[in-house]
Amino acid sequence: MGRPQTLKQSMPGILRILRFLWPYTRKHRPLVTGSFAALFLSVAFKTLEPWPLKFVFDRVIMPEHAKETVLPWITSRDPVVLLTLASVALLAVIGLRAVAMYYNKVGFALVGNRVLTDVRGALFRHLHCLSLSFHDKARSGDLIVRVISDIGMLREVAVTAFMPMLASVLILVSMATLMLSLNGPLALVALATLPLYWLPTKRLGRRIQGAARDQRKREGAMASTAAESMGAIKLVQALSLEDAFSQSFSSQNRKSLKEGVLARRLAARLQGTVSLMIGLSTALVLWYGTYLILHDRLSPGDLLVFIAYLKSTFRPMQDFAKYTARLAKASAAGERVLDLFDEVPDVCDRPGAAPAPSFRGAVRFERVGFAYEPGHPVLRGVDLSVEPGRQVALVGPSGNGKSTLVSLLPRLYDPTEGRVCIDGRDVRDFTLRSLRAQISLVLQDTVLFAGTIRDNIAYGAPGASDAEIEEAARLANAHGFIRRLPNGYDTAVGERGVTLSTGQRQRIAVARAAVRRSPILILDEPTSALDEASERAVVEALERLSKGRTTFLITHNLRHAARSDLILFLENGRISEQGSHAELMRLGGRYAALFTLENTAFVPSHPSTDHALAL
Ligand code: ADP
């Protein structure tokens, strides 16, 4: 779908953003109403501003020009009294306008900030609900830019551009009406150039918007590069990739600078053009207005009011030129935010989904097929039946669908064909939350969130008591080392738990799974990154953890797999062999060959199926 190119075309974009923001704004109705009232008052005082000056000119300095005698009792007063009255009135009007403007600005700033804080919170929540199929493709850095900086820009623009523009339009309308009522022909001369503003605004606005949009996109890409290289800094340094990443970053950085400068230059050109046109209007009004005064068809005070109004009327046009760039940026940023809101999670609660009862843990796959990309199936016709409390090992070469198969159970993805059942019911009949609450996961690379060890274990079951956390840690063989840490369970761990060894992190992950007390357990290569000593501790903990729970263990270590009740050998997305260790050895197929290979004299200390296959 093509992006809108002109400001006019982007108006639907802006309208779309406003429509989206409306429900959030409605919640702050009293504040919005108050701010609008202040806005109207400030516009009213602004239109009153030149009148005391006109009065002084027409009644005090050159009373001979005053034609109408609207207020004869005033005209008869002493000029000094009149002058004083006019000065006081001017002061009062300016003072009241300042007060109204203050409340209008503060009011709208509050609304803008509150609304966009709500939107940012909603966007963050929404991103977390989006399915893995979305996150697999999205770049996390770009998403962060959208949540932090695009929303920030939307807020900045809503407060500093949209509201002033609204005020500008009000000023324009009220002053144009007053000018027309003061002197029709002169007003027409003054306003004649107005339509001309649209030409440069439209032409330059389109280019400014293009540049702004490119810049936003570029910034998203830059954030992604930064997030990726920072996230893998160890690897980047080890492979001496610093220069490659820096070069890619600085080339994007330079392009972003270019686009930024281009947008600024175009905006400055637009402002310059508009100023020139204001000059033209002022000159025309000065010429024709003085001509009218000389022919006694206008008072000098009226001309003053006209010139003052002209400035105020055209100021919005000048501002508009300035805000075009900002609005263009906001619409680019806003669209990026709204595009995210438009993403619908493809894994979500079905209508009529009910909370899952406590599972016994019987798992069945019925002719399950799955493809990440249409036309490239990763799983085909998988049939599988597992009784509650059984241990199932999934083995086979990498990339054959083992992780994919187990990820269908907590509905990280939904199967493209067939169905996955727990206790005889399709997992899609349950609400996602209640389904996932009964499944624990231990992965190869455990992420510890910033917080204490206690917090990290409790993530498995929010609200778990200290005693439950400690019990889980004991089961996970983690209690001992946690106790020896400086602050025990209250030791803070870094963003990725960098202060702990992989083995210790893995045992915390086991404790996290244990505290959840779920009837189904998924272990995705939990020991493959460990040394022998840590591996023993983790394997022992996992054996304790899996007792009585339906367990799916993905492993490359066939000696671990051999202890399971059921072994599945996956090849090309199909279960090519299944049975107990003894059955598969008797069968003499791929599993038996690999097992024999691994357990002959030249066994490497960590045999892997990949290595074995490569031999
Ligand atoms: P295994 O666990 O057996 O190593 P996986 O289930 O991880 O295999 O992957 C099976 C296949 O699916 C592989 O070819 C892999 O490239 C592909 N795959 C895995 N995850 C994704 C994803 N998020 N998007 C697209 N393809 C994927």
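The following conversation concerns a predicted model and covers one of its pockets, its strands and several individual residues.

Me: Let us start with the second largest pocket. How much space lies in it?
Reply: The second largest pocket holds about 660 Å³ of space.

Me: Which residues are closest to its centre?
Reply: Of the 29 residues that line the second largest pocket, those closest to the centre are Arg97, Met101, Ala167, Ile171 and Asp319.

Me: Which helices each supply at least two residues of that lining?
Reply: Four elements are to be named here: helix H2 (29-48), helix H5 (79-129), helix H7 (140-182) and helix H12 (300-342).

Me: And which gives the most to the lining?
Reply: H12 does, with 9 residues.

Me: How do the lining residues divide into nonpolar, polar and charged?
Reply: The lining of the second largest pocket has 17 nonpolar, 5 polar and 7 charged residues.

Me: Changing topic to the open sheet. In what order do its 4 strands come?
Reply: The order is S2-S1-S4-S5, and the pairing is antiparallel. Strand S2 (377-386) and strand S5 (425-426) are the edge strands, each pairing on one side only.

Me: How many bridges pair S1 with S4?
Reply: Strand S1 (residues 363-371) and strand S4 (residues 417-422) pair in the antiparallel sense over 5 bridges. In this pairing, Gly369 has Glu417 of S4 as its bridge partner, and Glu366 has Arg419 of S4.

Me: Stay with Glu366. Is it buried or exposed?
Reply: Glu366, which is found in strand S1, is buried, because its relative accessible area of 17% falls under the 20% cut-off. Its side chain also makes a polar contact of 2.4 Å with the side chain of Arg364.

Me: What joins S4 to S5?
Reply: 2 bridges join these antiparallel strands. In one of the pairs, Cys421 has Asp426 of S5 as its bridge partner. S4 and S5 form a hairpin with 2 residues between them, and Asp423 in the turn has a positive phi of about 50 degrees.

Me: Is Arg411 buried or exposed?
Reply: Arg411 counts as buried, at 2% relative accessibility.

Me: What about Asn572, where is it?
Reply: Asn572 is in the loop between S11 and strand S12 (574-579). Its phi is near 50 degrees, a positive value in a residue other than glycine. Asn572 is exposed, because its relative accessible area of 56% is over the 50% cut-off.

Me: On to strand S3. How many of its residues are buried?
Reply: Strand S3 (residues 391-395) is mostly covered, with 5 of its 5 residues buried.

Me: Which strands does S3 run parallel to?
Reply: S3 runs parallel to strand S10 (residues 550-554), to which 4 bridges join it. S3 also runs parallel to strand S11 (residues 566-571), again through 4 bridges. Ala393 has Leu553 of S10 as its bridge partner, while Val392 stands opposite Leu566 in S11.

Me: Now helix H8. Which of its residues are buried?
Reply: In helix H8 (residues 184-191) the buried residues are Leu186, Ala187, Ala190 and Leu191. They cover an arc of only 125 degrees around the axis, and therefore lie on the same side of H8.

Me: What is found at the start of H8?
Reply: There, a side-chain oxygen of Asn183 reaches to within 3.2 Å of the backbone nitrogen of Leu186.

Me: Last one: where is Leu587, and is it buried or exposed?
Reply: Leu587 is in helix H21 (residues 581-587). Leu587 is exposed, with a relative accessible area of 55%.

Me: How far apart are the C-alpha atoms of Leu587 and Ala461?
Reply: Those C-alpha atoms are separated by 42 Å, and the two residues are 126 residues apart along the chain.

Definitions and conventions: Residues numbered from 1 in each chain as written. Predicted model: local features only at pLDDT ≥ 70, side-chain atom pairs only at ≥ 80, totals over all residues. Heavy atoms only, no water. 1 Å grid on protein atoms, 1.4 Å probe; cavity = no way out; pocket = protein on both sides within 12 Å on 5 of 7 lines; lining within 4 Å. Points joined across faces, edges and corners; volume = space filled by probe spheres on them. Nonpolar A, V, L, I, M, F, W, Y, C, P; charged D, E, K, R; others polar. Pairing = 2+ DSSP bridges. Buried < 20%, exposed > 50% of the residue type's maximum accessible area, 1.4 Å probe, protein only. Arc of directions from axis to C-beta. Polar contact = N/O pair within 3.5 Å; in protein donor to acceptor, adjacent residues only side chain to side chain.
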